Amino acid sequence: MNVYLYGYGPEDDRDWIMVDLGVKFGEDHEPGIDVVLPDISFAAGLGNRLKGIVLTHGHEDHFGAVGYLWPDLKVPVYTTPFTASLLRAKLHERRILEHVDLKVVPLSGRFTVGPFDVELVTVNHSIPEPNAVVIRTPLGLIVHSGDWKIDDAPMFGARIDEARFREIGEEGCDVLICDSTNALREGISPTEQEVSESLTRLIMAAERRVAVTTFASHVGRLETVAKAAEAAGRQLVVAGRAMHTTITAAREAGYLKDLPKVVNDESFGYLPPERVVCLCTGSQGEPRAAMARIAEDIHPTISLEAGDLVIFSSKTIPGNEKAVISIENNLAARGVQVITGEEALVHVTGHPRRGELDIMYSWLKPKMVIPMHGEMRHLLEHKLFALSRGVPQAEVVENGQMMRLAPEPRLLGRVQSGRIHLDGTILVPADANSLKARRKLSFAGVIMISLLLNEKGKLVGEAKIAMEGVPVVDQDGEAMEDIVLDAIDDGLDARPRGRGKQANSSIEQIVSQSVRRAVNASWGKKPICQVVVHRM
């Protein structure tokens, strides 16, 4: 859910650019929420002082919110060809493609956005065309690293542009705002070529079907699997809409020209077990993705059996562990062998370890480092590491904080920030009552009660009850429905008379409280209780 704002000028007349605008996906404590977006109310309030959005690369956490939030900003979007291809597909889905001023910038391009001189510098990452963003103003030069690593043998594109970073360092880098995801890990990460060789060995040695799941956007890994399948004399089957979208976007941008023949998942069942490799979405346990449905044996065209092999060529993103483990266990229960990064070199990070951070410092010689892109522990560790390596100044900037970078860096205060949720097709605040109610429903269920009262307030007939997520009987075997009916009678009988404070309580409120108390005494939980009163 990355989004960064850079401003230039006095407070009452400051121009801004935005770097990245990403999403994250809903978690267990956000029932019914598929997508979480950043609160951009501060940026939206800038009006025409916001001059544009610059995208570093095409991962969802860096560009996935553009389609949802661009209508609140209505500014040009700058990015390189591959990311532009991915973005066009998303903007088309949101029916705003024709409205967005999408400016496609060449690799290593340099352009002007308002008062900002912006340059893209090639880095390595787990997707084509990742970029660092150099922002020049009369007051100083800053480098926004984006997601990056140093890969001496990338599958796509050139090696990180060391020469250009060294030149920028000689020019004078005032501030480096830098990826912190692997700030706790020593050394330098393996290359994508090493992963390619390892995957090829595993696929060559497999005796039956092989399925590989990875990030759909990882074009280099897609080609690695395709070529490994070809080397093993196997046909590559692709399953999952996101995989096909990525392949289409990559080809539009000039990649995957030599990709071996790919067939759709309908062909899977017709291929001999020893002659097929299936490339699947769902490496993060997404319930509707191909791998989850395969693991539950509910995929319409793909089925795995005992002796088949599944390779998780990915790192599990924090928060997805339970979902991924569930899929692995479902596969294992059917005799399918599972290989992850813990057993073999089947994935490599796209983010810099400490050795790579140190190399970047030596190229840029920054006067100051601001850690970004990581949990608070990563940010703090990155700050301490930068100081230990001779960087004169380092500062952790929290979400919503505004910091002056030049002259004389210092924190200026906070602006509105936070999260908003995509609830179906509606954008709602993260603290919306509907989500709170859903959390309560998931914890303690709901009891719905309909009462018909005569003109004297007496109950006519028996109350109508509907319960969801509530036990049928308590631990003593008494029916929960009987407990609720008794509580309704108790509540109606206990209605206060006269003009006391309680006399103003509604019947709905009194019955609801009575029922929740009774159910809590029998179950230990208070369900949501909705009471509707009909009067004769």
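Predicted model: local features only at pLDDT ≥ 70, side-chain atom pairs only at ≥ 80, totals over all residues.
1. The loop residue to look at is Ser-126, which is found between strands β9 (116-122) and β10 (131-137). Because its relative accessibility is 14%, and buried means under 20%, Ser-126 counts as buried. When residues up to four places away in sequence are left aside, Ser-126 touches His-59, Ser-217, His-218 and Gly-350.

2. In helix α11, which spans residues 354-364, the buried residues are Arg-354, Glu-356, Leu-357, Met-360, Tyr-361, Trp-363 and Leu-364. The elements that cover these buried residues include the strands β11 (140-144), β12 (175-179) and β19 (368-372), together with the helices α5 (162-171) and α12 (376-388). Following α11 comes Lys-365, and the phi of this residue is positive, near 50°.

3. Two packed helices are described by the angle between their axes and the distance between the axes. For helix α14 (residues 480-493) and helix α15 (residues 507-523), the angle is about 140° and the axes lie 8 Å apart. Angles over 145 degrees would count as roughly antiparallel, and α14 and α15 are therefore described as oblique to each other. The crossing in which α14 passes α15 is right-handed.

4. On the α14 side, the contact between these two helices is made by residues including Met-480, Ile-483, Val-484 and Asp-490, while the α15 side contributes, among others, Ile-507, Ile-510, Ser-514 and Trp-523. Sorted by kind, the residues of the contact of α14 with α15 comprise 13 nonpolar, three polar and one charged.

Note on methods: Residues numbered from 1 in each chain as written. Heavy atoms only, no water. Helix = DSSP H or I, 4+ residues; strand = E, 2+ residues; numbered from the N terminus. Buried < 20%, exposed > 50% of the residue type's maximum accessible area, 1.4 Å probe, protein only. Contact = heavy atoms within 4.5 Å. Axes fitted to C-alpha atoms, helices over the stretch in contact; angles between N-to-C directions. Parallel < 35°, antiparallel > 145°, perpendicular 65-115°, else oblique. Left-handed = near helix turned anticlockwise from the far one by under 90°. Nonpolar A, V, L, I, M, F, W, Y, C, P; charged D, E, K, R; others polar.
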